[in-house]
Amino acid sequence: MDPDNEVESFFRLGNEKEEERKRLKRPPSSYGSMKTDSEEMEEEEEECEEEVAEACPSPVATAQPVSADHDETGSSDLEDHSEDDVEDMDEFLVADSPEPPEPVELDDEMQTDECQPGKLHPEQDLPHIFKSIQSMLTGLTREELYHFKMRFYQWEPSITLQQLMDGDILDFVDRIIEILALIRFHLKQYLIRKHQVIREGVVRAGKQNFLENVYVEPQISTCGYGGVDNFHEFRSQPPTLHQIPSPDTFVGVNNLFRLQKENGQRVRTVVTTGIAGIGMSVSVGKVSLDWAELRANKDLQFIIKLSFHSLWYLRNRNLPPLQKMSIMEVLEYYHPELKNMKFLEEEDCKFLIIMDSYDCYQAPLDWEHAPVINDNHTPAHPDVLIVNIIRGTVLRGARVWILGRRAAVSQIPSKFIDVVTEIQGFSDAMKDEYLSKRFHEAGLASNIVAHYKRLPSLVMLCRQPFVCWMVATVFERCFRYLGYGVHPPRLTPFYVNVMTVQMNRRLQFYQGKAENELKWSSDDKELLTKMGKMAFKMLERKTSVFFEDDLKEYGLKLTEVTVFSGLCTELPNAASDSRRTFCFIHFTFQEFMAALYVFIMFRTDAKNVLVSGLLHLPNIFTSKDQTKSAVGLVHCALDRTFTTPLGVYDMFLRFLCGLLSPHCHHEQLGGFLFSHHAPKVGGLDEVQQLLEKKIQNGPEDRVENLKECLREMTQEDE
């Protein structure tokens with residue numbers, strides 16, 4: 001039949017079926033642009049009109065106009081059409097549009113910044129969804145379509161029977177799409193609201209930064225060795241040399257679930273670890289935001305965040321002791337939009353569960369004897385739910401991303417983990433990029449980059465994004481003052497700041513303290529003193545690693561030191577006798593903590609612990625009481641430094657002199673480790689004279705460090 005004659009006859013007035021066809025004529029739809037431009041396809045579509053009319057039950061009334069929510073759920077991939085084109089398309093019922101081909105994605109290719117694989121999942125591409133559902137429904141008979149609607153009504157309680165029966169087949173397709181699209185829309189909006197603005201330090205109105213404006217992706221390795229840098233200003237290597245991952249093991253944060261197991265299959269469970277302040281939380285925000293804004297991992301239908309911190313809170317505060325919840329009830333509790341959502345149980349539903357802050361869940365988990373749960377609706381205790389999520393017996397279709405500090409996540413049995421990755425932090429180029437991106441003023445950014453590079457140890461420390469942020473914040477404030485930047489910055493204040501922030505985070509994250517409750521108790525101060533004593537004894541023994549037995553010797557708890565403090569980490573498989581091995585997050589932190597212990601004993605107990613290591617008192621002291629002065633303390637430290645090889649006590653001496661500065665012990669540590677009303681350390685003039693004398697007469701290889709010691713104690717420009 002000639003196409004023109006067919007169209008003409010289709011609309012001819014007086015036809016005996018005209019009234020029925022007018023009732024079946026679809027109203028204007030937000031999916032009108034699904035029509036193909038091909039003339040041949042147009043002929044096929046017109047021929048299918050009659051089949052659609054027979055398959056659909058007679059509608060009671062014309063469908064309601066498409067709700068405004070569809071504007072929110074429309075696909076960005078829809079083609080642009082003129083108004084005339086849209087009107088033409090609305091005159092035809094597109095009955096059997098061909099499905100677009102499935103996106104092709106090579107399994108062995110990784111994502112790059114320029115082109116992220118993980119093409120848009122078919123179930124996120126609204127034109128594809130529309131055509132697929134439409135194609136399926138138009139092949140049903142009237143009776144089959146009626147039964148399908150009844151089953152859909154039973155399956156989806158949020159829709160009414162009248163909504164289901166009103167309108168034509170395209171309105172029914174709209175209803176189906178709306179349910180799935182709105183769930184995803186709300187999830188995406190939640191992730192955007194949570195991660196679009198990065199929270200750094202104390203939040204100040206108007207001072208927030210968008211994550212995309214300041215984010216620099218850190219190096220992430222699939223071959224972690226503990227994340228401890230070997231650099232030291234004076235030593236060619238620390239007492240225990242740590243392995244460093246090679247660049248060919250690095251993987252992008254959006255590529256973690258493109259990794260493959262040894263058998264070639266995609267990974268299901270990925271664990272990411274790193275030292276405190278290395279950027280795990282920001283990495284979670286980046287992955288979530290990129291997915292929500294369709295920049296990466298488009299093949300994932302959902303990303304759902306379920307942090308261990310939330311599960312711990314639910315376990316201890318919101319959940320009665322005897323009450324149990326299913327995993328779906330837990331998800332609905334934190335994400336109400338997931339209520340009654342059954343998509344997660346479908347075999348082909350591809351979604352990601354992000355479970356960060358593993359170290360916040362402080363209860364021991366029974367990996368061997370916890371009951372096995374095989375469905376998503378069986379109530380169980382949160383401990384049991386966590387074990388079964390990681391086992392893979394609930395949320396079977398999920399990819400699971402677990403993040404936490406190594407000493408905590410190392411307790412997960414390796415048989416449940418497909419790959420362990422470790423965030424290594426910033427390279428030198430990344431540090432400069434991060435500091436430059438934060439400031440619109442090129443001159444200020446250039447000054448800050450040049451200034452922090454004057455201290456090699458600070459450059460090393462800036463591999464932690466958290467320290468990089470601290471450097472940017474401190475120097476931005478300092479460069480407001482005229483004349484700042486003539487002298488290099490002091491090192492000790494940065495180490496004091498890192499320690500203070502980590503101790504405060506310990507109180508917030510693990511003890512649930514509010515920001516206005518961050519007052520250190522006697523137990524908190526004792527913890528630092530004992531950790532400092534252990535660091536000092538390790539320095540004397542010329543070692544940089546410790547074991548569980550060492551912690552017991554100093555009255556320390558394993559989890560408190562290696563997880564909660566943020567100052568230590570676990571080394572994977574470092575000991576030949578299979579003992580768990582630990583160290584400070586950097587060897588200079590061990591030296592700093594040793595100096596802090598010596599200073600605490602000097603200031604609070606008027607005790608010079610360095611005297612016990614001397615075979616005889618220096619000639620300038622006529623009695624042991626004279627060693628309890630500041631000059632006596634520094635003289636004993638100098639004696640130790642000069643009688644040992646270069647690098648053994650040199651950084652220790654610098655930190656000790658830095659702590660003697662009133663800026664450090666009175667202003668920075670006042671109100672935390674020491675009372676605000678405690679007097680400042682006196683006798684610093686004598687210490688200054690001693691250091692100046694040693695600079696004139698000391699060994700040549702120690703002179704530069706002695707100048708740094710003097711500057712750490714006397715410089716007052718921060």
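Arg 406 is buried, with a relative accessible area of 11% (buried means under 20% relative accessible area, exposed over 50% and partly exposed in between, using a 1.4 Å probe and protein chains only). Keep in mind that this is a predicted model, where local features need pLDDT of at least 70, side-chain atom pairs count only at pLDDT 80 or more, and totals for chains, interfaces and linings use all residues. Residues are numbered from 1 along each chain as its sequence is written, and side-chain values use heavy atoms, with hydrogens and water left out.

You will find Arg 406 in helix α16 (residues 406–409). Helices (H or I, at least four residues) and strands (E, at least two) are DSSP runs, numbered from the N terminus. Arg 406 and Gly 274 are 132 residues apart in sequence, yet their C-alpha atoms are 6.4 Å apart in space. Contact means heavy atoms within 4.5 Å. Leaving aside neighbours within four places in sequence, the contacts of Arg 406 include Thr 273, Gly 274, Glu 422 and Glu 570.

Now look at Thr 421, which sits in strand β8 (residues 419–425). Thr 421 is buried, with a relative accessible area of 0%. Not counting residues up to four places away in sequence, Thr 421 touches several residues, among them Ile 220, Leu 256, Val 270 and Thr 273.

Strand β7 (residues 398–403) is mostly covered, as five of its six residues are buried. Two strands pair if DSSP finds at least two bridges between them, and the table shows two partners of β7.

| Partner of β7 | Sense | Bridges | Example of bridge partners |
|---|---|---|---|
| β4 (residues 269–273) | parallel | four bridges | Val 270 and Trp 401 |
| β6 (residues 351–355) | parallel | five bridges | Ile 354 and Trp 401 |

Between β6 and β7 the chain passes through helix α15 (residues 382–391), making a right-handed β-α-β crossover. Right-handed here means that, with the strands pointing away from the viewer, the path from the first strand over the helix to the second runs clockwise.

**A pair of helices**

How do α17 and α20 lie relative to each other, and why? Helix α17 (residues 428–437) and helix α20 (residues 465–478) pack at an angle of about 45 degrees, with their axes 10 Å apart. Axes are lines fitted to C-alpha atoms, for helices over the stretch in contact, and angles run from 0 to 180 degrees between N-to-C directions. The two helices, α17 and α20, are therefore oblique to each other, since angles under 35 degrees count as roughly parallel, over 145 as roughly antiparallel, 65 to 115 as roughly perpendicular and the rest as oblique. Lys 431, Tyr 434 and Leu 435 in α17 meet residues of α20 including Trp 469 and Val 471.
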